[in-house]
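Hi everyone, thanks for coming along.

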Amino acid sequence: NKVLTSLDLQYCGLGPKGLCEVCSALGVNTTLTSLNLSVNKFDDQSIASVVRLLTYYQTLENLELEFCELDDDALCSLAKGLEHCKLKKLDLWGNPFTMRGTS
């Protein structure tokens, strides 16, 4: 889809496999600026999919990942993807990471 600019999938009950599929499908979109994946269940593989999306996706400005059970390791992985993107807003509220994940 070349006109989709915002996608809100919060509270959709997406598990890790579903999140990987969403990230893969979004790889062909070049207009998305806002993505909300809050309150879905992530694992290492689905975080890696988000990191790939951030690495190659230059239009995304807003990413919401509230209450996704992201731990320190997930946050560290996510930080690697942030080095290559142009996000203006990243919302991680309600995740159980500690100070180790923020350093």
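Let me start with a question: which residues does Val22 touch, not counting residues up to four places away in sequence? Val22 touches Leu9 and Leu14, where contact means heavy atoms within 4.5 Å. We will come back to Val22 in a moment.

Before that, some housekeeping. This is a predicted model, in which local features need pLDDT of at least 70 and side-chain atom pairs count only at pLDDT 80 or more, while totals for chains, interfaces and linings use all residues. Residues are numbered from 1 along each chain as its sequence is written, and side-chain values use heavy atoms, with hydrogens and water left out.

Now the overall picture. There are 4 helices and 4 strands in the chain; both are DSSP runs numbered from the N terminus, helices being H or I with at least four residues and strands E with at least two. Starting at the N terminus, the order is β-α-β-α-β-α-β-α. The radius of gyration is 12 Å, close to the 13 Å that the globule rule gives for 103 residues, so the chain is as compact as a globular protein of that length. That radius is taken over C-alpha atoms, and the rule is 2.2 Å times the number of residues to the power 0.38. Along its principal axes, the C-alpha trace spans about 40 × 30 × 20 Å.

What share of the 103 residues counts as buried? The figure is 41%, with buried meaning under 20% relative accessible area, exposed over 50%, and partly exposed in between, using a 1.4 Å probe and protein chains only. Among contacts with a separation of 6 or more, 86% come from residues 24 or more positions apart.

The chain carries 9 positive and 13 negative side chains, with the centres of the two sets 7 Å apart. Here Lys and Arg count as positive and Asp and Glu as negative, leaving out His and the chain ends, and each charge is placed at NZ of Lys, CZ of Arg, CG of Asp or CD of Glu.

Back to Val22, as promised. Val22 sits in helix H1, residues 16-26, and is buried, with a relative accessible area of 17%.

Next, please find Ser34, in strand S2, residues 34-36. Is Ser34 buried or exposed? At 16% relative accessibility, Ser34 counts as buried. Leaving out residues up to four places away in sequence, Ser34 touches Thr5, Ser6, Leu7, Leu60 and Asn62. With Asn62 there is also a side-chain to side-chain polar contact of 3.0 Å. A polar contact is a pair of N or O atoms within 3.5 Å; within protein, one must be able to donate a hydrogen and the other to accept it, and residues adjacent in sequence count only if both atoms are side-chain atoms.

Let's move to the loops. Thr31 is in the loop between H1 and S2 and is partly exposed, at 23% relative accessible area. A polar atom of the Thr31 side chain lies 2.6 Å from the backbone oxygen of Leu4. Thr31 is also among the residues touched by Tyr57, which is found in the loop between helix H2 (44-56) and S3. Tyr57 counts as buried, at 5% relative accessibility.

Lys41 belongs to the loop between S2 and H2 and is partly exposed, at 41% relative accessibility. Which side chain is joined to that of Lys41 by a polar contact of 3.0 Å? The partner is Glu69. Beyond four places in sequence, the contacts of Lys41 also include Leu14, Gly15 and Pro16.

Glu69 brings us to the last stop, the loop between S3 and H3. Most residues other than glycine have a negative phi. Phe67 is partly exposed, with a relative accessible area of 40%.
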